[in-house]
2 protein chains.
Amino acid sequence: MPLASYSREQAAKITFQQAQPETLNCLFYRQPVEFVQPGQSIFFEGDEAKHVFEVVAGALRIFRILSDGRRVVTGFVFDGDLLGVSLRKNYLYSAEALVDTKIRRLTRKNFDLVVRQSEDLAPRAFEFICDEMAAVQDQMVLLACKSAEERLCTFLLKHLRKSMTKGEGQSVVKLPMTRQDMADYLGLTIETVSRMITKLSTKGVLGCVGRHSVKVMKPMLLAQLAGDDDVYEWATSIEQSEGRRHN
Amino acid sequence: MPLASYSREQAAKITFQQAQPETLNCLFYRQPVEFVQPGQSIFFEGDEAKHVFEVVAGALRIFRILSDGRRVVTGFVFDGDLLGVSLRKNYLYSAEALVDTKIRRLTRKNFDLVVRQSEDLAPRAFEFICDEMAAVQDQMVLLACKSAEERLCTFLLKHLRKSMTKGEGQSVVKLPMTRQDMADYLGLTIETVSRMITKLSTKGVLGCVGRHSVKVMKPMLLAQLAGDDDVYEWATSIEQSEGRRHN
DNA sequence: CGGTTCATTGATGTCCTTCAATAATCGTGG
DNA sequence: CCACGATTATTGAAGGACATCAATGAACCG
């Protein structure tokens, strides 16, 4: 699940306005940056949850393995996100880098101590967890009743949205994970994911489909195909502004 | 809300030392009990989240409706459970009574205020949310990769477990919800749920299958069929003690 | 009791998976 | 830089698990 609380830019803005440089991310400011290579884990499911992490750059997959070898990817974590906040004694999942990744860490003990004593941070932490909960619930809805096409569109739309709010490469969605990761996240097989991407490409919804990025040509249609219409109006505005720009 | 993390043991110790018998449920002690009839809602998805609820008796379903009418049941809430804790501005789902139900309520404002100021309660609230998160993640795993049979077995096992720890009617699982509710919760159709129940009955895993209760004859087998083996040892012990009793 | 809702069971259909082969991409060493 | 194998992705054909459609049967309630 996406653990996005605030994008970097947003965090910076808030810090500036309040003249109190306190966001959850700020807590990690003085911690040393650690480098994690692709495929390397930063912790495993069941490990004692000793640390809370900030992802400075890169991306990670969050997953669980069932006894018979099946894997479920429960989320992806990107730069600016926090990891390991809403946990009790042990990690509920493993976390593994998708690409070269930089992280910072705090001990839970310190993290909890600081957060608890701060008037500003405590509500932030609560908001963070609520967002996390909302994201997981959306994913439950996706898994419980959406078709393969809807699942993929929902997935792409979420990532498009993220890349739009960050302001980077308009309508080009970076996908650092493999097809297998996407499949395990969406409750599908790698073949079905591949087929759906091809299908969307054929329909003209996607263009320039590559292994680790796609260009969304018709965000509005993508939103329609995603199946929840709460994001529909949002995508409409994107498509219109995109259209204007190209004319 | 201050989010401190203590293990259960630590929290209990502190409570004991301070002679403050405070749990989250205690907060509702002086609130008037409200009666809710079957089918009646206590709030709707999207409503402003003004209250936190304690379920005193009865049961509720928690669900979301998609634009095209599809319904997803994201959970069930039973007596002793709290409802509406991990939310931001609005409710993420609707809550509807399955049977005659008694609830108590507090305003979020008061709830947050009291919880935040209490050394005992703050960690309790955090633990509560973490448990909720763990449960939702388990459900994600179920929906992402389990077969219909595994889903039903997992569901029954969870409820068996609950009724065992409560000490009531050994191995008889109460199911106050309809088959449709179960189906919408498990990401299946009503027919498939029905067929799987029949199948388990035929296998001898279940006996005395009724509309709103089933008797689990072979908890161990049920656990095996559920697909995650973390609960397997637990069920083994049940079956053995059950077996001894009957000899 | 009789109507209504809810659950079960069967027949058929379909969406996704599985199996299998090919193709594209990446990394590595010559 | 290209060749090479290894990994990853795409595409096709066949099968299966669950959904859909339809009918019957059981439980609930005034």
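A backbone N or O atom of A148(A) lies 2.7 Å from a phosphate oxygen of DNA strand C. Keep in mind as you look around that this is a predicted model.

**Around DNA strand C**
- DNA strand C has 16 residues around it, and those that come nearest are A148(A), T192(A), R179(B), S194(B) and T198(B).
- Of the DNA strand C atoms that come within 4 Å of the protein, 65% belong to sugar and phosphate.
- On the chain B side, an N or O atom in the side chain of R179(B) is 2.8 Å from a phosphate oxygen of DNA strand C.
- The side chain of R211(A) places an N or O atom 3.3 Å from a sugar or linking oxygen of DNA strand C.
- Two or more residues of the surface near DNA strand C come from α6 of chain A, and likewise from α6 of chain B.
- α6(B) has the largest share of that surface, with 4 residues.
- Sorted by class, the surface near DNA strand C holds 2 nonpolar, 7 polar and 7 charged residues.

**Around DNA strand D**
- Sugar and phosphate make up 68% of the DNA strand D atoms that come within 4 Å of the protein.
- α6 (190-202) of chain A and α6 (190-203) of chain B each supply at least two residues of the surface near DNA strand D, and α6(A) gives the most, with 5 residues.
- That surface comprises 3 nonpolar, 7 polar and 7 charged residues.

**Helix packing in chain A**
- Helix α4 (residues 148-165) and helix α5 (residues 179-186) of chain A pack at about 110 degrees, with their axes 10 Å apart, so α4(A) and α5(A) are roughly perpendicular to each other.
- The crossing of α4(A) past α5(A) is right-handed.
- R151(A), L152(A), F155(A) and K158(A) of α4(A) make the contact with M182(A), Y185(A) and L186(A) of α5(A).
- The residues of this contact are 5 nonpolar and 2 charged, with no polar ones.

Methods: Residues are numbered from 1 along each chain as its sequence is written. Chains are lettered from A and ligands numbered from 1 in the order in which they are written. This is a predicted model: local features need pLDDT of at least 70, side-chain atom pairs count only at pLDDT 80 or more; totals for chains, interfaces and linings use all residues. Side-chain values use heavy atoms; hydrogens and water are left out. Axes are lines fitted to C-alpha atoms, for helices over the stretch in contact, and angles run from 0 to 180 degrees between N-to-C directions. Angles under 35 degrees count as roughly parallel, over 145 as roughly antiparallel, 65 to 115 as roughly perpendicular and the rest as oblique. A crossing is left-handed if the near helix is turned anticlockwise from the far one by less than a right angle, and right-handed if clockwise. Contact means heavy atoms within 4.5 Å. Ala, Val, Leu, Ile, Met, Phe, Trp, Tyr, Cys and Pro count as nonpolar, Asp, Glu, Lys and Arg as charged, and the others, Gly among them, as polar. A residue is near a molecule or strand if one of its heavy atoms lies within 4 Å of it. A polar contact is a pair of N or O atoms within 3.5 Å; within protein, one must be able to donate a hydrogen and the other to accept it, and residues adjacent in sequence count only if both atoms are side-chain atoms.
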